Amino acid sequence: MLLRQWKEPLEQLTLPSPKQTTVISGFPHNSLNQQSFELNYRCICNHLIEFTRGKNLLRGQSFHAHVIKSGLQTIPLICHHLINFYSKVQLPYLSEQIFRETHFKSSTTWSSIISCFTQNELPFNGLEYFKLMLRNDGMFPDDYTFPLATKACAMVNSHSLGQSVHCLATKIGYDVNVYVGSSVVDMYAKCGSLGDARKMFDDMPERNVVSWSGMIYGYAQMGEDREALTLFKGALLQGLAVNDFTFSSVIRVCGNSTFFELGKQMHALCLKLNYDETSFVGSALISMYSKSGMIEGAYQVFDEVSDKNLGMWNAMLIACAQHAHTKNVFELFKKMKNAGMKPNFITFLCMLYACSHAGLVNEGEHYFSTMKEYGIEPGSQHYASMVDLLGRAGKLDEAMKLIEEMPMQPTESVWGALLTGCRIHGNTELAGSVADRVFEVGPVSPGLHVMLSNAYAAAGRYQEAAKARKMLKDRGQKKETGLSWVEEGNRIHTFAAGDRGHEISDEIYRKLEELGEEMERAGYVADMSYVLKEVGDEEKGRMIRYHSERLAIAFALIKFPKERSIRVMKNLRVCGDCHVAIKFISKCVGRVIIVRDNNRFHRFENGECSCGDYW
């Protein structure tokens, strides 16, 4: 709908007619006005730049009043500085007012207002003014304006709009410009069009750090980790002076792929090149340390960066939430507001996530209702988080009511959250009815398909479960294989359930047998309800005993020194029985075991888990 609105004629945005303004006469009697016009003009520009850097709203507004009294607000460069000032203090509509009241608009003035809206996460407004600029006779975009337009297209994730801007740049000869070309590469990459991005990248006669960084970011965003690291290596071999954005993309690859040792090397390189205190790198480092199970490192990075942007605050919020540091999440939210940061939709996702995984229903409902106070309409992800919160707390009827009241169609994440609540609280009847309802809508992703099949199996409807799995197979799809992996030096050791392909497989299984006997003496009893297949108890026990996370832990116990914590990464949710088993293992062997599944972190120590069995 927003795209359609942007494409519609914008006659309603006609600008006000010029007003006669006296530029020099009528100055107030103060020392500043006794200077010559040129000195006065330069002084005003310098002061506005100073207030913009310091984000000093009150002093900037006072000085704006002086500019108006002096009649200098009509000068394009001063207009540019005023627009930029209000943009930096997150008041974009005041920038727009200044723009409208300025009757002579240079290309710099137009670029300023487009930049203002883009920087304040209002890309459609920026694109509207880009369109108005094109309609203005004698005004053409340049190598500063085009990158702003492509950035706005990337923000709305519109490949088609981005192509239109790219075509216009080609038509007037700006496609070979290194700045415009780099912005096009970055736009295509962020829209997920890696083919278009790579073609533009390869065809560029000259590349700069933005083009290299944009391409690396695109590969990292799409999970093409090997390509991202190869390209980064190529950039270094060519002697490119990479920047903080390049490092942030590579560090995110390390975090997503849990290349912790490589991530630490990237951190060391950032320290060497003085990029460690930038917000881009700081956010990536926080995410990398958090995803590697080293939350202490994330706290240290956060404390060391003095100028924190919103992305960095959000990164620390989600890190604390995933590691069950719920109290710190609430404290950080208060500090963020006190620092003058305005929360966005990602911030509230972090808050709802923290509440969901701590069972704090009242707090979650508070943050959900608070969103509108900041002008944020809850999206499908926020509703999914609320359903997850209510479902985990056992309020399944309330969760179902919220789904019925959603202003948009429920997404797979919403139904998945409800099914998780049904599984936790054993409401197999509701789970089965949800499965019936979802299958009536049409095809779903393999992940949700498996959840629905498991819902049927848990309800004892094995025939429907088998039919659902057959349906998945007939479509040529298959469930994601559950994998767990650990990092040893420069190697990643990966395991699947029942896997016997590892080079020390015999040792691993002997270790598991030893652990099993010790755990049983400590009181462990396997919970067979997590095996959703019609097989005998002996077979169920064998299936659950050799889940991938247990194989990974056994390998680590064999290979890692006793003083080293064990960090296991997993692509799916850890099952309930394995969660209990790992608590027993941590107590029996006296080791700290950190497990990251696809939902959160679990720190097992002395028979206890950081999640408090609420996950």
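This is a predicted model: local features need pLDDT of at least 70, side-chain atom pairs count only at pLDDT 80 or more; totals for chains, interfaces and linings use all residues.
**Exercise 1. Determine how helices H24 and H25 are oriented relative to each other, and which residues form their contact.**

Step 1. Helix H24 covers residues 412–424 and helix H25 covers residues 428–441. Their axes lie 9 Å apart, and the packing angle is about 160 degrees.

Step 2. Angles over 145 degrees count as roughly antiparallel. H24 is therefore roughly antiparallel to H25.

Step 3. The crossing of H24 past H25 is left-handed.

Step 4. On the H24 side, the contact is made by Trp-415, Leu-418, Leu-419 and Cys-422. On the H25 side, Leu-430, Ala-431, Val-434, Arg-437 and Val-438 take part.

Step 5. Sorted by class, the contact of H24 with H25 has eight nonpolar residues, one charged residue and no polar residues.

**Exercise 2. Classify the ring pair of Phe-99 and Tyr-129, and locate both residues in the chain.**

Step 1. The structure holds 22 aromatic pairs. In the pair of Phe-99 and Tyr-129, the ring centres are 5.3 Å apart and the planes stand at 85 degrees.

Step 2. Planes over 60 degrees apart count as edge-to-face, so the pair of Phe-99 and Tyr-129 is edge-to-face.

Step 3. Phe-99 belongs to helix H5 (residues 92–101) and Tyr-129 to helix H7 (residues 123–135). The two are 30 residues apart, and the pair links distant parts of the chain.

Step 4. Both Phe-99 and Tyr-129 are buried.

Step 5. Phe-99 and Tyr-129 also belong to a cluster linked by ring pairs, together with Tyr-93, Trp-110 and Phe-117.

**Exercise 3. Carry out the corresponding analysis for Phe-201 and Trp-212.**

Step 1. The ring centres of Phe-201 and Trp-212 are 5.1 Å apart, with the planes at 85 degrees, so this pair is edge-to-face.

Step 2. Phe-201 is in helix H11 (residues 194–203), while Trp-212 is in helix H12 (residues 209–221). Eleven residues separate them in the chain, and the pair links distant parts of it.

Step 3. Phe-201 is buried, as is Trp-212.

Key. Residues are numbered from 1 along each chain as its sequence is written. Side-chain values use heavy atoms; hydrogens and water are left out. Axes are lines fitted to C-alpha atoms, for helices over the stretch in contact, and angles run from 0 to 180 degrees between N-to-C directions. Helices (H or I, at least four residues) and strands (E, at least two) are DSSP runs, numbered from the N terminus. Angles under 35 degrees count as roughly parallel, over 145 as roughly antiparallel, 65 to 115 as roughly perpendicular and the rest as oblique. A crossing is left-handed if the near helix is turned anticlockwise from the far one by less than a right angle, and right-handed if clockwise. Contact means heavy atoms within 4.5 Å. Ala, Val, Leu, Ile, Met, Phe, Trp, Tyr, Cys and Pro count as nonpolar, Asp, Glu, Lys and Arg as charged, and the others, Gly among them, as polar. Rings of Phe, Tyr and Trp (its six-membered ring) pair if their centres lie within 6.5 Å; planes under 30 degrees apart count as stacked, over 60 as edge-to-face and the rest as tilted. Buried means under 20% relative accessible area, exposed over 50%, partly exposed in between (1.4 Å probe, protein chains only).
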